[in-house]
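Trainee: I would like a close look at one part of this model. Please take the salt bridges and walk me through them.

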Amino acid sequence: SNSLYRLFLFSYTSIQYATHLVIIGPDDTLDIVPIETVTYKDPNTKETKKVKRMVHRFYPYCFNEDIKKFMPIKLNYSLSYIKVHEELSKGMHSQVNYENAFGLYGPCQIEVPYKGIIGIFLEEFLSPFYLFQVASVTLWMLDCYYYYAGAIIIMTVTS
């Protein structure tokens, strides 16, 4: 059913026209991720470049034109620890550096969806652990082992 869903809902296109990316996980799950075009100044050549960028599972990726793949955006790990500390501990002194970093990495925030109290309660209560606890309390009660059932209830409630 997933292959029919992909066939009718999505179409293949080149990266320059794509607005979203469909990521198929190893367990055949689909993630639809928006692609954005980011403009930044290359610190080495000082020229303005446009790059395709996406965020998947809170991690930013940038499209590499040479190998035609999205690659994770990482800090420069070739620098020594002392050099990284010297450069990054002082902060960014120019607006251009700030705008480049903000455009490339995106905002430093993770938006956690709000589930609500009822949603959290149902998610916790329907977990396999609590379902097992309910089943064991029911069995102990049916066998008239009220102390065991009470002990399980007390431990479950206090945990």
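Mentor: Here are the salt bridges, pair by pair. This is a predicted model, where local features need pLDDT of at least 70, side-chain atom pairs count only at pLDDT 80 or more, and totals for chains, interfaces and linings use all residues. Residues are numbered from 1 along each chain as its sequence is written, and side-chain values use heavy atoms, with hydrogens and water left out.

Side chains of opposite charge can pair when their charged atoms come close. A salt bridge here is a side-chain nitrogen of Lys or Arg within 4 Å of a carboxyl oxygen of Asp or Glu. The count comes to 4 salt bridges. Among them is Asp31 with Arg57, whose closest N and O atoms are 3.3 Å apart. This pair links distant parts of the chain, 26 residues apart. Asp31 sits in strand 2 (residues 30-41), and Arg57 in the loop between strand 3 (48-56) and strand 4 (59-64). Strands are DSSP runs (E, at least two residues), numbered from the N terminus.

Next, Glu36 pairs with Arg53, the closest N and O atoms being 2.4 Å apart. Glu36 lies in strand 2 and Arg53 in strand 3, so the bridge ties together parts 17 residues apart in sequence.

Now the burial, by relative accessible area: buried is under 20%, exposed over 50%, partly exposed in between (1.4 Å probe, protein chains only). Arg53 is buried at 4%. Its partner Glu36 is partly exposed at 39%. Arg57 is exposed at 62%, while Asp31 is partly exposed at 23%.

Glu123 also bridges to Lys115, with closest N and O atoms 2.8 Å apart. Glu123 is partly exposed at 45%, and Lys115 is partly exposed at 49%.

Note on methods: Helix = DSSP H or I, 4+ residues; strand = E, 2+ residues; numbered from the N terminus.
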